[in-house]
Amino acid sequence: MQALEAALREAPAGVRLHKRAVEGPARQVLLDASHDADLLVLGARRRPAHFGLHLGRVVHAALTHSACPVAVVPEQPRHP
C-alpha cells in the first residue's frame, strides 16, 4: 500500500481517485471495476534483453475486454 500511496501523491489536484481493496482473480476484478471507471491504469514489466513491454494475461484481458479506456504504464527501468 505504501507504493500506491506514494504514486497517488503525484496525481493532479483535479483528479478524483477511488481506492479500494478487493479479493478475487485480478482479471475479473479489473473488468468489473472498468464498468464504473473512466480509466484503468495498469503496469507492464520490461524484461531485460527484450524489446518492448511484456503484457501479461491480465493486461491483455483489460485491453481487449474493458468497458473503459486502459492506460498501460511501463515500470521504471532499473539501473545497477
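The chain has three helices and two strands, where helices (H or I, at least four residues) and strands (E, at least two) are DSSP runs numbered from the N terminus. Read along the sequence, these elements follow the pattern α-α-β-α-β. This is a predicted model, in which local features need pLDDT of at least 70 and side-chain atom pairs count only at pLDDT 80 or more, while totals for chains, interfaces and linings use all residues. Residues are numbered from 1 along each chain as its sequence is written, and side-chain values use heavy atoms, with hydrogens and water left out.

**Stop 1: the whole chain, coloured by confidence**

Colour the model by pLDDT, the predictor's confidence in each residue, from 0 to 100. The chain averages 84, and 84% of the residues score at least 70. Confidence is lowest in helix α1 (residues 2-8), with a mean of 77, and highest in α2, at 95. Of the 80 residues in the chain, 14% are buried; buried means under 20% relative accessible area, exposed over 50%, and partly exposed in between (1.4 Å probe, protein chains only). For contacts, meaning heavy atoms within 4.5 Å, consider those between residues at least 6 apart in sequence: 57% of them join residues at least 24 apart.

**Stop 2: helix α3**

Select residues 57-65, which form helix α3. Which residues of α3 are buried? They are V59, A61 and A62. These residues lie on the same side of α3, because they cover an arc of only 160° around the axis, the arc being that of the directions from the helix axis to the C-beta atoms. On the other side of α3, R57 and H65 are exposed. Now display α2 (26-33), β1 (40-44) and β2 (70-74), which are among the elements that cover the buried residues of α3.

Within α3, select H60. This residue counts as partly exposed, at 49% relative accessibility.

**Stop 3: two serines in loops**

Select S34, in the loop between α2 and β1. Is S34 buried or exposed? S34 is buried, with a relative accessible area of 1%. A polar atom of its side chain lies 2.6 Å from the backbone oxygen of L31; a polar contact is a pair of N or O atoms within 3.5 Å, where within protein one must be able to donate a hydrogen and the other to accept it, and residues adjacent in sequence count only if both atoms are side-chain atoms. Leaving aside residues up to four places away in sequence, S34 touches L40, S66, A67 and C68.

A polar atom of the S66 side chain lies 2.8 Å from the backbone oxygen of C68. With residues up to four places away in sequence again not counted, S66 touches L31, S34, L40 and A61.

**Stop 4: the largest pocket**

Finally, select H18, K19, L39, L40 and V41, which lie nearest the centre of the largest pocket, among its 29 lining residues. The elements giving two or more residues to this lining are α1, α2 and β1. The largest share, five residues, comes from α2. The volume of the largest pocket is about 1200 Å³. On a 1 Å grid over the protein atoms alone, a pocket is an open set of points where a 1.4 Å probe fits, with protein on both sides within 12 Å along at least five of seven lines; lining residues have an atom within 4 Å of a point. Grid points are joined across faces, edges and corners, and a volume is the space filled by probe spheres set on the points.
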